[in-house]
Amino acid sequence: MPARQNPQLNSHGELIHLLSIEGLPLPVLQHILDTAGTFLSVNDREVKKVPLLRGKSVFNLFFENSTRTRTTFEIAAKRLSADVINLDIARSSTAKGESLLDTIANLSAMHADMFVVRHGESGAPYLIAQHCAPHVHVVNAGDGRHAHPTQGLLDMYTIRHFKQDFTRLTVAVVGDIVHSRVARSDIHALTTLGVPEIRAVGPKTLVPGDLREMGVRVCHDMTEGIRGADVIIMLRLQNERMSGAMLPSASEFAKTYGLTPEKLALAAPGAIVMHPGPINRGVEIHSSVADGQQSVILPQVTFGIAVRMAVMSIIAGNSA
Amino acid sequence: MSSLNLDAEALYADLLGGVRGLLQPRTVLVGVWSGGAWLAARLQRDLGLPGEHGVISSALHRDDFGSRGLAAGADPTRLPFDVNDTPILLVDDVLNTGRTIRAVINELYDFGRPASVALAVLVDRGGRELPIQAAYSAARIVMPRAQRLRLVRQDDGSFSFDIQAGT
């Protein structure tokens, strides 16, 4: 995609918004991961704060609730010395009938420098990026079923940390893929980083067949899906997104696709188990796996802060 | 190209002597990434100092972040010792405006309160924009502001200078 047509990049090909991993060139992706490595070491200092966003205001706009993601963005922005304003938009302006762009215009008048946006509608962060002032940056913190790019990036950071070379890996993404913006972001990132085998594993109702067009191997059989995998990314069974009878029951799903120690034994030796959280113990992941030696779920959380610091500092330093 | 003829190896020999004169009993060398880090590594070996030298990056404290953004490819700061109450000798290849040194001193303080901080450089090219001076510089030269001077490390570990006319 030419730089000018990609709203995330300026005319020099530099990142100015993070809206989706789709269309991000490999060097940009690698620059984010390398920069995150620098920020990870900030945790080891006496002063766990750097001044890159000093004097900047970051507005967290969560039109959908998410305590965890909002908190990690807040910590990341504060470690960069930004002022952070959390707006519980779901319960305020939109409830009074204000349009999305009016909300943005009002917040821009309060001298916002960056919006971190979570929205139930796919594409909402794009709309904001297109209409905000040139000096304002937008980070997508999850839009509908479309994308969750910082989660995708922190997953890539985690994989690189534990497995180093992407070009020799088999990665299985397991569970409710059709509702998952995380899965979509992961698949785009894994593709860009050159992972030779990406598998999407789950029941027919939850794994869209069109993934094959993206070069993904679709497996409806769990044993086939995780056999020999180096990385297993378990997705949360999104009860709140389930409408209609896409599944017989959660327990039925757990029996077939839940990751137990027995199923994990089929994966490659030293395989790592990831999960974006919050986990449903006993549904998509057995407790002994979630807490086991191959689980890297908690390192993912730690890496997530460094990755969000990297994204915010990179986009803040580039102008439109 | 410039008519300047700087012999980096000869200047390194001078720097070695100068740094020896600045060492206190517990001094730790900290090289400023990237040229200064190469110098610190070689000085550490040639002076037979115990332990490991540090490497410090200016990236997170630069004052041109707003206009230049975050530098790609900089190694992160690595200080394998307790900064608190330690005499620090910063080493860099070229001292110019003083802004990099201002940034690395701030970076250093994120790790603790050193006993003292001094600076030794291979070349002081003038052009200071901050009140920062080196305790030792192997050469003092005057260069046009736009001209670029940087240290290059060859495959065999020896040093040379790359001089480019600015635009």
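In the predicted model, five strands of chain B form an open sheet with parallel pairing, in the order β2-β1-β3-β4-β5. The edges are taken by β2 (54–56) and β5 (136–140) of chain B; each has a single partner strand, so one side of each lacks a neighbour in the sheet. Direction ignored, neighbouring strands of this sheet are turned against each other by 25° on average. Strand β1 (residues 28–32) of chain B runs parallel to β2(B), to which three bridges join it. Within this pair, B:V30 stands opposite B:G54 in β2(B). Helix α2 (residues 35–46) of chain B packs on the sheet and touches β1, β2, β3 (87–95) and β4 (116–124) of chain B. The direction of α2(B) makes about 150° with that of β1(B).

Strands β6 (residues 148–153) and β7 (residues 159–164) of chain B pair over six bridges, in the antiparallel sense. The two strands form a hairpin, with five residues between them. B:R153 stands opposite B:F159 in β7(B), and in the turn B:G157 has a positive phi of about 90°.

Overall, the secondary structure of chain B consists of four helices and seven strands, which follow the pattern α-β-α-β-α-β-α-β-β-β-β along the sequence. The radius of gyration of chain B is 15 Å, in agreement with the value near 15 Å for a compact globule of 167 residues. Along the principal axes, the C-alpha trace of chain B spans about 45 × 40 × 30 Å. Of the 167 residues of chain B, 38% count as buried. Among contacts in chain B between residues at least 6 apart in sequence, 69% join residues at least 24 apart.

Chain A contains 11 helices and nine strands. Its radius of gyration is 19 Å, close to the 20 Å given by the globule rule for 320 residues, so chain A is as compact as a globular protein of that length. The C-alpha atoms of chain A fill a box of roughly 55 × 45 × 40 Å along the principal axes. Buried residues make up 49% of the 320 residues of chain A. Of the contacts in chain A with a separation of 6 or more, 74% are between residues 24 or more positions apart.

In helix α4 (residues 124–131) of chain A, the buried residues are A:A124, A:P125, A:Y126, A:I128 and A:A129. These buried residues pack against α3 (100–109), β3 (114–119) and β4 (137–143) of chain A.

In soluble globular proteins, nonpolar side chains tend to be buried together. The largest nonpolar core of the model has 108 residues, and those with the most contacts inside it are A:F115, A:V173, A:V174, A:I232 and A:M312. Helix α11 (residues 297–316) of chain A gives the most to this core, with 11 residues. A second, separate core of 40 residues includes B:V30, B:I88, B:L89 and B:L108.

The contact between the chains takes 16 residues from chain A and 11 residues from chain B. On the side of chain B that touches chain A, seven residues are nonpolar, three are polar and one is charged.

Conventions. Residues numbered from 1 in each chain as written. Chains lettered and ligands numbered in written order. Predicted model: local features only at pLDDT ≥ 70, side-chain atom pairs only at ≥ 80, totals over all residues. Contact = placed C-beta atoms within 7 Å. Nonpolar A, V, L, I, M, F, W, Y, C, P; charged D, E, K, R; others polar. Core = buried A, V, L, I, M, F, W, Y, C linked by C-beta atoms within 7 Å. Buried ≥ 20, exposed ≤ 12 C-beta atoms within 10 Å, placed from the backbone. Rg over C-alpha atoms; globule rule 2.2 N^0.38 Å. Pairing = 2+ DSSP bridges. Axes fitted to C-alpha atoms, helices over the stretch in contact; angles between N-to-C directions.
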